[in-house]
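Open the model in your viewer and show side chains. This tour goes stop by stop.

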Amino acid sequence: MRVKVVCVGGGPAGLYLSILLKLQDPSHDITVHERNPEGSTYGWGVTYWRGLLDKLHERDPVSAQAIADHSVNWNEGVARVRDLTTRHGGDEGFGIGRHRLLELLAARARSLGVRLEYESEIDAAGPTGGADLVVAGDGVHSALRTRHAAHFGTELRPGRNHYIWLGTTKVFDAFTFAFVETDHGWIWAYGYGFGPDRSTVVIECAPETFTGLGLDRADEAEGLALLEKLFADTLDGHALIGRAPADGSSSWLNFRTLTNRTWYRDNLVLLGDAAHTTHYSIGAGTTLALEDAIALADALREHPQLPRALAQYERERKQALLPLQSAARYSAQWYESLPRYIQLPPEQMFALLGQRHSPLLPYVPPQLYYRLDRAAGRLEALRRFKRWLGPKLARTVQARNLSSGRQPEEVPERRG
């Protein structure tokens with residue numbers, strides 16, 4: 001059955017949904033509206049993992065192959081703490097420039113007959129041309145969602161730490177973590193390549209470090225110069241590249257976790273960051289957005305009745321997100337509690353960095369957890385006990401916090 005779809009927001013989720021719907025039925029009338037000019041985008045590189053690439057190949061081998069051809073990959077992680085460095089093998093990861101990803105998806109969508117309207121803003125009261133389905137893929141600040149925030153049950157919870165998203169001409173050959181101690185506390189960076197001559201660098205620190213270093217008062221040029229000095233060893237003398245806001249201000253942010261009680265209203269449905277966000281430290285934002293598009297396209301194919309399709313989409317994606325949202329929450333908490341782990345021997349610290357998604361880790365002394373984790377790797381019975389105890393403890397603590405009115409993010413730090 002031919003349907004008319006209006007997608008507001010030309011990010012990866014909206015573009016990929018339009019591709020999948022056109023592949024299902026070329027007669028579908030699909031328009032993607034993007035408020036920014038074509039070719040202008042924020043961000044540097046995005047990460048994804050082999051599992052996502054396999055899913056993309058199943059749905060559309062053409063766009064999947066194009067994405068793979070323009071990605072860089074790594075299978076190691078590097079951690080630098082002061083002047084010590086440790087390197088470990090890991091899962092195969094990929095990086096691609098956000099600009100290139102959007103370019104590839106836009107080209108594929110156009111080739112299938114999708115209309116792409118750039119510099120076209122559909123606000124909360126804007127016309128949608130009698131569409132059968134309106135997709136709000138317009139990000140965390142979604143105007144369409146905000147208009148009906150009470151219905152959607154939208155909640156935004158700000159994180160404690162400050163972060164900034166930068167580029168660099170330094171090309172990292174592994175996913176790199178770098179921790180630098182200053183007179184005002186620790187500051188750290190995540191670095192990964194996304195092209196032959198560029199990498200992404202995300203830098204994060206606690207509020208007291210942010211103000212102590214004067215980053216709250218520095219303009220972008222001053223801030224970049226200071227960060228280049230702090231991370232000179234990691235960058236090998238390469239420059240950091242900012243977004244250069246028009247007013248010259250800095251681009252530091254506090255990550256905000258967005259949730260919605262429901263994801264659809266009549267013929268309006270939320271997609272990607274308009275529906276949910278997960279902390280950047282688990283590197284899943286783009287993956288989850290594309291998986292949303294896959295699930296929504298599948299639901300629309302399976303159920304001609306729109307309410308049933310949207311209900312299935314919401315149910316499936318909420319369920320799939322639960323473990324990832326938990327992992328993201330504990331990952332953010334690990335960094336917010338960095339002094340608890342940073343003094344460990346590098347091998348132990350890096351091992352616990354890899355375990356930062358664990359709901360058990362915040363409640364066990366770090367060195368004891370490290371020993372338990374090493375033992376669990378050798379003893380199946382202990383491994384099963386660890387898998388059972390972690391979620392049970394997390395649920396108990398969450399229930400206690402809810403009964404006392406505290407948010408999960410407010411669990412006090414426990415030192416080992």
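Select Asp197. Asp197 is partly exposed, with a relative accessible area of 44%. The term means a side-chain nitrogen of Lys or Arg within 4 Å of a carboxyl oxygen of Asp or Glu.

This is a predicted model: local features need pLDDT of at least 70, side-chain atom pairs count only at pLDDT 80 or more, and totals for chains, interfaces and linings use all residues. Residues are numbered from 1 along each chain as its sequence is written, and side-chain values use heavy atoms, leaving out hydrogens and water.

Next, select Lys55 and Glu291. Their side chains form a salt bridge (2.7 Å, N to O). Lys55 lies in helix H2 and Glu291 in helix H10, so the pair ties together parts 236 residues apart in sequence. (Helices, H or I, at least four residues, and strands, E, at least two, are DSSP runs numbered from the N terminus.) Lys55 is partly exposed at 34%; Glu291 is buried at 14%.

Move on to Arg87 and Asp173. This salt bridge spans 3.7 Å, N to O. Arg87 sits in strand S5 (residues 84–97), and Asp173 in the loop between strands S8 and S9. Arg87 is partly exposed at 42%, whereas Asp173 is exposed at 58%.

How many salt bridges does a search of the whole structure find? The search finds 24.

Technical notes. Buried < 20%, exposed > 50% of the residue type's maximum accessible area, 1.4 Å probe, protein only.
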